[in-house]
Amino acid sequence: MHLISAENLTVRHGGVAVLADVDFAIRRGEIVTVVGPNGSGKSTLIRALIGLERSATGQVTRLPGLSIGYVPQKLHIDATLPMTVRRFLSLPRRVTDAAAAAALSRTGVAGLETRQMARLSGGQFQRVLLARALLARPDILILDEPTQGLDQPGIAAFYRLLEEVRRETGAAVLLVSHDLHVVMSASDRVICLNGHVCCQGTPRVVSAAPEYRALFGLGTGGALALYQHVHDHDHDQDEGHGHDHAHPHAAHPHRHDHSHDHSQSKAADHV
Ligand SMILES: Nc1ncnc2c1ncn2[C@@H]1O[C@H](COP(=O)(O)OP(=O)(O)OP(=O)(O)O)[C@@H](O)[C@H]1O
């Protein structure tokens with residue numbers, strides 16, 4: 001059963017279609033990432049799926065009673081408005097001190113309760129946003145560029161946390177990201193958007209798709225190599241190293257177990 005789906009979704013801004021004929025669906029427990037160049041409609045798609053953006057044509061369907069934990073791309077908190085982290089975590093629904101402390105600890109920012117939101121670092125701010133989204137016990141976490149402001153080990157840890165949340169709660173995760181290397185190692189499915197769905201499928205399929213390569217360049221073959229590599233070994237070995245390091249194995253041409261790549265790429269859902 002789909003948690004959220006869209007059929008033939010078209011969204012216009014000022015008469016211009018910023019999204020055209022997009023079909024989309026996400027199931028419980030899936031991690032799906034939307035990639036695409038700046039201005040390609042990623043945030044617009046997310047907002048339309050949540051119901052914050054009106055569709056010109058097409059239809060968005062959400063499972064009745066669906067609980068969504070949403071982290072927007074931008075959230076401006078006025079520096080003149082006093083707002084502690086603790087208060088922020090109780091918006092819009094009040095949570096207990098214990099639940100707030102546990103959520104902060106889980107996202108790696110334990111003990112920040114009394115700090116002012118406007119004075120947090122970029123990375124701390126993102127982690128607090130995630131903590132707040134988790135407190136909603138979401139069926140689906142929707143995160144628009146959640147790793148902005150995080151350092152490289154922070155980005156790797158963030159994706160590990162998303163996998164943990166999915167494993168423990170069965171929540172689906174839908175995110176927008178520019179961290180192509182990590183996306184390829186951490187998503188079940190990738191959707192490549194450029195006003196329309198250029199291609200979608202498993203990371204391996206999308207990495208090989210000509211549409212994806214045309215948008216992101218052949219260099220992103222490195223993302224595929226890294227994806228293949230990190231799935232050859234225990235993820236814990238990456239602890240603290242981040243995925244952006246020049247990985248000794250990333251450039252190895254050891255594609256022995258991927259001889260079926262080519263046929264899979266043909267199966268990519270090109271539009
Ligand atoms: N409220 C709005 N009014 C007019 N145009 C808008 C509005 N919101 C978005 N757009 C336009 O729609 C297009 C898609 O924007 P969107 O924010 O969805 O892109 P994006 O893929 O998320 O980009 P980025 O990677 O830069 O965050 C852009 O050309 C943007 O200028």
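Which residues are around the ligand? They are His13, Gly14, Val18, Gly36, Asn38, Gly39, Ser40, Gly41, Lys42, Ser43, Thr44 and Gln73, where being near means a C-beta atom, placed from the backbone, within 6 Å. Keep in mind that this is a predicted model, where local features need pLDDT of at least 70, side-chain atom pairs count only at pLDDT 80 or more, and totals for chains, interfaces and linings use all residues. Residues are numbered from 1 along each chain as its sequence is written.

Helix H1 (residues 42-50) gives the most to that shell, three residues. Helices (H or I, at least four residues) and strands (E, at least two) are DSSP runs, numbered from the N terminus.

Now for the sheet. It's an open one of three strands in the order E2-E1-E4, with antiparallel pairing; strands pair if DSSP finds at least two bridges between them. E2 and E4 stand at the edges with a single partner strand each, so one side of each has no neighbour in the sheet.

| Strand | Residues |
|---|---|
| E1 | residues 2-13 |
| E2 | residues 16-27 |
| E4 | residues 57-62 |

Five bridges join E1 to E4, and Ala6 stands opposite Val60 in E4.

What about the core? The largest nonpolar core has 70 residues, and Leu45 and Val128 are among those with the most contacts inside it. Such a core is a set of buried Ala, Val, Leu, Ile, Met, Phe, Trp, Tyr and Cys residues joined through C-beta atoms within 7 Å, buried meaning 20 or more other C-beta atoms within 10 Å of a residue's own, with C-beta atoms placed from the backbone. Helix H5 (residues 152-169) supplies the largest share of this core, seven residues.

Technical notes. Buried ≥ 20, exposed ≤ 12 C-beta atoms within 10 Å, placed from the backbone.
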